[in-house]
Amino acid sequence: MKEHFAALVCGAALAWTGSAARAGDPGQGGGTLDHADGYDLFHPVPADKLRDFNPDRPSLYTSPQTVDAGHFQLEMDAVNYVYDRHNPERAHVDVDQWNPAPFDLRVGLTQRTELDILYDGYLNLRTRDRDAGITRTQSGFGDVTLQFKYNFFGNDGGTFALGIIPILKLPANTAGLGNRYVEGGVLLPLSINLPANFEAGVSTEIDALRNDSNTRYEVAFTNILFVGYNFLDKKFQVYGEFYSQVNQGPDSQVAATV
């Protein structure tokens with residue numbers, strides 16, 4: 001690993017879907033709604049009209065497709081583990097972090113819109129200064145992020161799909177595991193269905209984030225390129241992606257991962 005950033009994500013992304021319908025609601029089979037635009041959170045899409053399952057995780061890329069109206073989808077990592085010995089100061093500092101069961105709860109509001117609630121959950125962060133021989137451990141909970149996803153087109157198939165996602169981070173962290181400021185931005189994802197069960201996605205994001213010294217907000221630009229291959233009747237997928245982020249400011253550096 002030498003001086004470079006190394007990250008290991010352990011486990012699989014788990015997903016579970018459900019419906020907001022109650023017995024006798026019009027969204028159940030035999031209801032009075034007979035076109036997609038009539039469905040909403042309280043009038044769910046019937047089971048025989050649901051779109052194909054389309055999770056946002058475990059990739060960093062977020063798709064423009066939404067969950068069907070009146071349904072919810074829970075996406076969760078088993079555990080994330082990150083080990084980092086690369087820092088801007090090139091100091092002899094090691095950082096490792098455990099993050100079990102972070103999740104994304106997606107709620108279908110209409111056939112074009114959804115609300116996402118992302119929660120980091122429990123975090124255990126250890127920082128070791130090899131020169132000073134000092135180790136610091138922080139344990140607590142992370143932030144909550146709210147997203148509102150709107151799909152312009154491509155929700156129900158086709159070659160292209162495009163959406164827009166306003167993002168709002170709420171500072172719910174404890175034990176100094178994040179800043180105490182609200183941050184936010186907007187994300188534009190585009191997905192492309194390719195031949196031979198391949199798919200691609202690109203997204204660009206603009207955020208207002210606090211700088212490292214917590215003195216002001218700075219603009220951050222994030223771009224992601226995603227390529228995936230679906231097999232076994234689209235029950236499994238392998239993918240690769242390139243992620244880059246650069247912050248506005250005199251001391252900003254580019255962060256990139258593959």
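Predicted model: local features only at pLDDT ≥ 70, side-chain atom pairs only at ≥ 80, totals over all residues.
1. **Overall fold.** The chain has 14 strands and 0 helices. Read from the N terminus, its elements run β-β-β-β-β-β-β-β-β-β-β-β-β-β. The chain counts 258 residues, and 34% of them are buried. Take the contacts between residues at least 6 apart in sequence: 54% of these join residues at least 24 apart.

2. **Nonpolar patch.** Which residues form a nonpolar patch on the surface? They are Leu194, Phe198, Val202, Leu225, Val227, Phe242 and Val258. Together they have about 630 Å² of accessible area. Two strands, strand 11 (198-210) and strand 12 (217-231), each supply at least two of the patch residues. Leucine 225 is one of the patch members, and its place is in strand 12. Its relative accessibility is 43%, so leucine 225 counts as partly exposed. The cut-offs that matter here are 20% and 50%, since partly exposed means in between.

3. **Glycine 142.** This residue is in the loop between strand 7 (134-141) and strand 8 (144-153). Is glycine 142 buried or exposed? It is buried, because its relative accessible area is 0% and the limit for buried is under 20%. Leaving out residues up to four places away in sequence, glycine 142 touches Tyr119, Asp120, Gly121, Leu123, Ala172 and Asn173. Glycine 176 is 34 residues from glycine 142 in sequence. In space, the two C-alpha atoms are 9.3 Å apart.

4. **Glutamine 147.** Strand 8 holds this residue. Glutamine 147 counts as buried because its relative accessibility is 7%. Sequence neighbours up to four places away aside, it touches Glu114, Leu115, Asp116, Leu118, Ile165, Pro166 and Ile167.

5. **A stacked aromatic pair.** The structure holds 10 aromatic pairs. One of them joins tyrosine 61 and phenylalanine 226. Why is this pair stacked? The ring centres are 5.3 Å apart and the planes stand at 20 degrees, so the pair is stacked; the limit for stacked is under 30 degrees.

6. **An edge-to-face pair.** The rings of tyrosine 150 and phenylalanine 152 also have centres 5.3 Å apart. Their planes are at 75 degrees, so this pair is edge-to-face. The cut-off for that class is over 60 degrees. Tyrosine 150 counts as partly exposed because its relative accessibility is 30%. Phenylalanine 152, at 38%, counts as partly exposed too.

7. **An aromatic cluster.** Phe198, Tyr229, Phe231 and Phe236 form one aromatic cluster. Phe198 is also named among the residues of the nonpolar patch.

8. **Arginine 210 over two rings.** Over which ring does the charged end of arginine 210 sit, 3.7 Å from its centre? That ring belongs to tyrosine 181. The charged end of arginine 210 sits over the ring of tyrosine 217 as well, 4.8 Å from the centre.

Methods: Residues numbered from 1 in each chain as written. Heavy atoms only, no water. Helix = DSSP H or I, 4+ residues; strand = E, 2+ residues; numbered from the N terminus. Buried < 20%, exposed > 50% of the residue type's maximum accessible area, 1.4 Å probe, protein only. Contact = heavy atoms within 4.5 Å. Patch = residues over 30% accessible without salt bridge, like charges linked within 9 Å, V, L, I, M, F, W, Y side chains within 5 Å. Areas by Shrake-Rupley, 256 points an atom, 1.4 Å probe, with all protein chains shown as cover. Salt bridge = Lys/Arg side-chain N within 4 Å of Asp/Glu carboxyl O. Phe/Tyr/Trp six-rings, centres within 6.5 Å; stacked < 30°, edge-to-face > 60°. Lys NZ or Arg CZ within 6 Å of the ring centre and 35° of its normal.
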